[in-house]
Amino acid sequence: MMKARKCTVLLGLLAIPFLGLTQLDSIPWSVTVWGQHRSNTLDHEMGRKLVRGGFIDQPMIQAAGETQGGDMGSFGYATGLDLRWKLNRMWRESGARVCGSVQVKSVGDIRWTPELFDLAFTGNAGHLGRWDVLDGSRFRYATWVHAAIGLEGKYQNRLEAGLVLQPAGINARIHNGYFYVDSEVDSLLGYVRAEAAFNQKPAWGIAVNAEWHFLREDAPFAFHLRLQNVGVTFVPSQDQFAVDTMFQTSGLTFAGESWSIEALENGDFGRDLLVSIPAQSAWSLLP
Amino acid sequence: MMNDCSNSRNKAPLLMWLASLALVVLVGCVREATRWEVEIALPLVDDQWTWSDVIMDLTSDSQLQVETGALGVIRFNGPIAEWNIASLTQLPDTIVEQELTPEFTGGPFPVPPGAVLLDTEEDIVFQGIDQAFTSIVLESGHIDYLVESSTDGYVDLQYLFPSVTIAGVPVELKVVLPPSNGVDFQIEEGTLDLAGATIDLTGVSGNEINRIASQLIIGTPANIPDTAQVYGTDSIRVRMHFQELFVREVSGYFGQETVSFDVEQMVFDPVDFPGGFVEIVPSRAVLEFQNTIAADLRLQLDQLAVDGIQVNHPLLGQPQLVTRAAWNGEDVEPAIWQMDLLETQPAIFDLLSYVPEWVSLEGEGLLNPLGDVSGGHDYFDTRQPPALYLDFEWPLAGAIENFEIRRTLDIDGADLVGFDGELVVRLSNGFPVNWELEAEWNYADENLDPLTLSGSVGSFPNGEPLVLRIPMDEQRVKSPAELAVNLRMRSDGPVEFTGHERIRMQLGFEGFYQVEVP
């Protein structure tokens with residue numbers, strides 16, 4: 001309910017330039033809706049199943065693994081809605097018009113090592129006695145609303161600045177990590193140095209959009225420069241987690257305070273490994 | 001999509017477009033879970049059972065130790081039974097009732113504020129005590145009181161116990177009752193907690209026994225302007241109920257009380273140890289009685305038996321005088337009497353080798369067999385009662401024949417969607433004896449047949465680990481189960497143990513599991 005109220009406030013800010021105008025028809029506007037996902041390893045069908053759901057079968061996973069080879073794999077998506085408007089009247093005879101936009105965007109991307117892909121999608125049974133490297137794997141996700149106002153000049157060159165409301169944001173990264181289970185399946189070794197942050201409250205911020213188009217009838221080419229989502233947000237409450245631990249075990253004991261089946265059932269398992277800093281404020285860049 | 005102000009008069013296409021967009025978005029938001037199958041192979045449990053794990057089940061006492069070395073030794077030095085003397089640890093419940101009635105008829109007669117109608121000092125006598133207690137400290141206890149008045153005026157009642165103190169402050173009851181309506185009694189009731197109270201039981205005179213000095217004062221409150229109207233039929237009643245008085249310390253003369261002594265100690269619970277033979281040849285086994293009471297005792301142990309089989313000992317049936325303990329402040333030097341258990345006929349540890357269930361000891365003790373030699377200065381602290389101790393040392397050497405250990409594990413179900421694989425059990429034996437394993441996995445789900453497992457592990461160092469593969473599927477993993485394990489030990493002749501021996505049990509999961517991301 002609170003998020004919805006904030007979105008309403010933001011959209012209300014956008015509506016201010018319309019006040020005093022007698023009719024909407026006097027304002028040219030456009031709406032763009034888009035959505036895309038890209039991956040250097042996952043084909044369209046697997047990407048669709050990751051996003052929309054469904055059963056991913058082994059041939060699909062094998063094909064993705066072969067495509068990835070020894071490189072980092074990545075998968076990302078971006079979707080959004082962009083409502084733009086501008087006034088017909090010039091602003092103070094400057095040759096520029098007042099313009100604005102409202103953008104709702106959601107961006108997510110994930111990056112993984114070949115070993116992490118195998119562990120996640122095929123399991124570790126085929127990796128016994130092998131070292132699995134996890135370095136550089138990452139996951140980011142953000143959704144935000146951007147309401148901006150600015151000026152549009154000749155050739156639709158445009159500069160806008162506005163407020164950003166980011167209801168959700170996640171950023172997680174494994175800086176270093178490896179995983180090993182020996183061929184007898186009687187010992188496991190792992191190391192992880194990673195950090196993650198989850199927004200607990202919506203973030204506020206400012207952002208700038210800019211476009212510059214080189215369009216000349218006598219020129220043999222056109223050049224377009226677009227800057228989008230250049231801005232910062234302030235997160236009033238963000239949970240931050242960090243882990244930098246190596247663990248080696250041949251199995252858990254039945255009873256014990258931390259590394260045991262008893263602790264696993266009580267929810268106390270591995271509690272000493274994770275450094276948790278709840279409800280921190282933080283500044284961050286828009287994705 | 002562009003909207004030009006010159007051709008946007010007709011909004012119908014726009015509305016249709018927005019409706020279509022909303023439909024696409026709504027349909028697009030319907031997402032099912034993403035699922036895929038992985039094959040996992042992970043170690044899950046790695047636990048060990050040592051001598052301590054096996055023997056600790058015999059007693060929860062931390063006095064038990066397993067000493068490792070070329071020849072391991074099990075040592076136990078601690079209490080095995082305490083001697084409770086009920087007559088010294090709890091005082092009987094006692095009720096004291098007082099009633100004040102005017103010595104006239106008719107009325108009303110006015111009683112001014114601040115008047116005292118009754119002021120009396122009396123001893124509250126604890127009945128039913130054969131001992132002559134002079135003081136006690138209570139572990140717990142309370143007084144439930146009830147005060148009633150039919151007087152047409154305020155009543156001030158004070159019940160003072162100058163000889164009962166808690167942290168140095170005398171216990172007292174102060175009650176002010178409002179006027180009665182002439183029909184019903186005004187009532188006040190409540191409880192006084194006596195936990196930790198020190199009570200002088202020498203009464204008002206200071207020379208009595210088993211009595212609490214008390215002072216009862218009944219009158220009218222001085223700070224109330226109304227005059228009480230008293231009739232000849234009025235009455236003021238007070239009832240004090242001393243309840244559940246458990247003693248921490250007591251002194252006085254404890255009398256010549258005979259207290260029976262009947263100890264029955266479970267040695268091998270047949271649930272955990274169904275049978276077999278373990279050769280037990282201790283190098284020391286001393287049964288010791290420690291008298292911590294500052295009163296003489298005449299102890300006579302009449303019977304020692306193992307699962308009903310009686311054994312003889314030169315000291316059995318012979319009265320033994322155990323002198324009083326010496327108390328110095330909070331420190332006690334107990335008087336000690338000992339019996340060497342290696343001198344029994346037949347040898348008690350030969351009987352214990354056959355994994356008996358019970359060892360029992362019967363006898364009796366007589367307090368103050370020589371009378372009041374202390375002049376009423378017997379003393380008992382219930383936190384340190386007289387007790388039987390066992391000082392035991394058993395070098396770990398001997399033969400073991402089909403010694404059986406039974407354990408039952410309750411296993412919670414786990415929700416592993418689509419799991420299909422095996423639970424791999426690996427047992428490694430560090431004991432120089434052969435182990436045989438029989439286990440039954442009984443599921444709470446009646447549709448699942450129980451699994452029976454069996455195998456043997458050869459003696460250390462040549463025995464190979466026993467590996468069992470238990471088929472598991474989603475249903476079996478999900479169902480709670482009870483795993484009953486029977487382990488049977490067998491040595492080929494006498495063996496020596498170092499105390500380092502252990503059985504290692506490893507569990508691992510191998511199989512397919514369906515990952516589901518909602």
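Entry 1: I began with Leu416(B), which counts as partly exposed because 19 C-beta neighbours lie inside 10 Å. For the record, my burial scale calls a residue buried if 20 or more other C-beta atoms lie within 10 Å of its own, exposed if 12 or fewer, and partly exposed in between, with C-beta atoms placed from the backbone. Before going on I noted that this is a predicted model, in which local features need pLDDT of at least 70 and side-chain atom pairs count only at pLDDT 80 or more, while totals for chains, interfaces and linings use all residues. Residues are numbered from 1 along each chain as its sequence is written, and chains are lettered from A and ligands numbered from 1 in the order in which they are written.

I found Leu416(B) in the loop between β31 (403-411) and β32 (420-429) of chain B. My element names are DSSP runs numbered from the N terminus: helices are H or I with at least four residues, strands are E with at least two. Which residues does Leu416(B) contact, leaving aside its neighbours within four places in sequence? I got Glu474(B), Val477(B) and Tyr513(B), where contact means C-beta atoms, placed from the backbone, within 7 Å. I also checked Asp473(B): it is 57 residues from Leu416(B) in sequence, and their C-alpha atoms are 8.8 Å apart.

- Glu244(B) is not a glycine, yet its phi is positive at about 50°. I located Glu244(B) in strand β16 (residues 236-253) of chain B, and it counts as exposed because it has 12 C-beta neighbours inside 10 Å.
- Asn402(B), also a residue other than glycine, has a positive phi near 50°. Asn402(B) sits in the loop between β30 (400-401) and β31 of chain B and is partly exposed, with 14 other C-beta atoms within 10 Å.
- Gln345(B) and Pro346(B) are joined by a cis peptide bond with omega near -5°. I placed Pro346(B) in the loop between β25 and α4 (348-352) of chain B.
- The bond from Phe460(B) to Pro461(B) is cis too, with omega about 10°. Pro461(B) belongs to the loop between β34 (451-457) and β35 (466-473) of chain B.

**Entry 2: a sheet in chain B.** In what order do the five strands of the open sheet run? I read β3-β4-β28-β19-β25 (chain B), with antiparallel pairing; two strands pair if DSSP finds at least two bridges between them. The edges are β3 (64-67) and β25 (335-340) of chain B, each pairing on one side only. Neighbouring strands of this sheet are turned by 15° against each other on average, direction ignored; the axes are lines fitted to C-alpha atoms, with angles from 0 to 180 degrees between N-to-C directions. Inside the sheet, β4 (residues 73-82) and β28 (residues 387-395) of chain B pair over nine bridges, and Val73(B) stands opposite Pro395(B) in β28(B).

**Entry 3: a helix in chain A.** Chain A has five helices and eleven strands, and 22% of its 287 residues are buried. I picked α3 (residues 58-68) of chain A, where Ile61(A), Ala64(A) and Gln68(A) are buried. Why do I say they line one face? Seen down the axis of α3(A), the buried residues fall within an arc of 65°, so they line one face of the helix; the arc is that of the directions from the helix axis to the C-beta atoms. On the other side of α3(A), I noted Pro59(A), Gln62(A) and Glu66(A) as exposed. The buried residues pack against several elements, including α2 (44-52) of chain A and β2 (34-50) of chain B. Gly69(A) follows α3(A) with a positive phi near 60°.

**Entry 4: nonpolar cores.** A core here is a set of buried Ala, Val, Leu, Ile, Met, Phe, Trp, Tyr and Cys residues joined through C-beta atoms within 7 Å. The largest has 48 residues, and Ile136(B), Leu138(B) and Ile199(B) have the most contacts inside it. Its largest share, eight residues, comes from β16(B). I checked the contacts of Ile136(B) beyond four places in sequence and found Ile199(B) and Val247(B) among them. A second, separate core of 20 residues includes Val181(A), Leu188(A), Val38(B) and Phe419(B).

Key. Two residues are in contact if their C-beta atoms, placed from the backbone, lie within 7 Å.
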